[in-house]
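Here's a quick tour of a structure, starting with its sheet and moving on to rings and surface. Have the viewer open while you read.

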Amino acid sequence: MEYLFILLASFIGVLFLMQLVFFEITRNKMSKENNMNWFLSLKKPFNYHRVGYMFFICFICYLISSPEPIFSMSWIIYFVLFLAMGIVSDAIVQYLILVYSKKRCQKDIENATLLKNELLEIAETMTMDESWIESPRQYDEEIILSKYVQPTDHVSYLSVDQGELAKNFKPLPEATFIIEPYSDITSVQNKFADMPVKVLKYTPSGQMPFKDEKMDVVMCQYSNYDKLEIQRVLKPGGYFVVNQNGTANLKEFLHIYMPFRMKGSWDAYACAGTLESIGMRIVEKIDDYGTLRFHSIQAIHSYFKKYSPDIADINKYQIFYLKALKEIKEKSFYEMTTHRFLVVAQKA
């Protein structure tokens, strides 16, 4: 039995040191990222839930080191003892790490608790605040679009803005179509009761509801698109105008909830490359990197309420709002990156 205790003691020591190092690395990372939820999680009572994990580890260790004939009665008895000691020892290590973490991060836990309480108070008395500051935009998509649209053209909008861009565009061509993949087309159509606009959906097979080479201009406004479908519906010489958000847009939010979101970069050059790959000629391409600066949680909430209602849910995205609140208290503002781009391509 001595070798069991020696092996177990070594295992506990190594496990404790590994857990301690991992904790310190994680603590430093969470501090830099202002992840208040992580510090709040340290307040939870101890709860051991690593039985399955420890069974696997103990089984492998015992399988390698045991001198007993494998799966003999003595092998099984000693393994059960080894497993029981392993689980108890790991539970003790986990408990000690939790105690250490609460002592080590006591001030951070207190600050996170105060921030959370303040955030909950703000959420209960939320008011509209449109005082955010946006850096100057590098282009106006309406002005650029107007260069390529003629009054007699057939124009299609791919959009997720419930027809807002088309509604504001003046003058509208005689044949204007809007494809709204997510919104109720009836409610969007009602906005254009006295205007030459028809609101449509994709076909059941996911195609644009137009015949081949029907459109003079297709405008993609913050929506996904199928480049082969664009190629199909455009007339020869027709224009495809893409206005989309790029990879870096609101990266401060995406880094928290989608850390492995996308490899590479989606920008004007990447978009232009995909369109050139199907033989289209690039006429214009512009990247617009900017910032949004907020001086209150109310301003952040109001911004997302207007432009992305899902993110306005403070309870759902508490980590983000706590991080923003901490930075506002430290620096008097919270800043986010914006990234959009525009590409104009012509069908050969």
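## The sheet

The model has an open sheet of 8 strands in the order S1-S7-S8-S6-S5-S2-S3-S4, with mixed pairing. Strands here are DSSP E runs of at least two residues, helices are H or I runs of at least four, and both are numbered from the N terminus; two strands pair if DSSP finds at least two bridges between them. At the edges stand S1 (133-134) and S4 (197-200), each with a single partner strand, so one side of each has no neighbour in the sheet.

A quick word on provenance: this is a predicted model, where local features need pLDDT of at least 70, side-chain atom pairs count only at pLDDT 80 or more, and totals for chains, interfaces and linings use all residues. Residues are numbered from 1 along each chain as its sequence is written, and side-chain values use heavy atoms, with hydrogens and water left out.

S3 (residues 175-179) is largely enclosed by the rest of the structure, because 5 of its 5 residues are buried (buried is under 20% relative accessible area, exposed over 50%, partly exposed in between; 1.4 Å probe, protein chains only). Ala175, Phe177 and Ile179 cover one side, and Thr176 and Ile178 the other. S2 (residues 154-159) runs parallel to S3, joined by 5 bridges, with Leu158 opposite Ile179. S3 also pairs with S4 in the parallel sense, over 4 bridges; there, Phe177 has Lys198 as its bridge partner.

Elsewhere in the sheet, S6 (residues 234-245) and S8 (residues 334-346) pair in the antiparallel sense over 7 bridges. Gln244 has Phe341 in S8 as its bridge partner.

## Aromatic rings

Searching the whole structure turns up 30 aromatic pairs. Take Tyr303 and Phe304: their pair is edge-to-face, at 5.3 Å centre to centre and 80° between the planes. (Rings of Phe, Tyr and Trp, using its six-membered ring, pair if their centres lie within 6.5 Å; planes under 30 degrees apart are stacked, over 60 edge-to-face, the rest tilted.) Tyr303 is buried at 12% relative accessible area, and Phe304 is buried at 1%. Both belong to a cluster linked by ring pairs, whose members include Trp132, Phe253 and Tyr334.

The charged end of Arg293 sits over the ring of Phe333, 3.7 Å from its centre, and that of Arg340 sits over the Tyr139 ring, 3.9 Å from its centre. The criterion is NZ of Lys or CZ of Arg within 6 Å of the ring centre and within 35 degrees of the ring normal.
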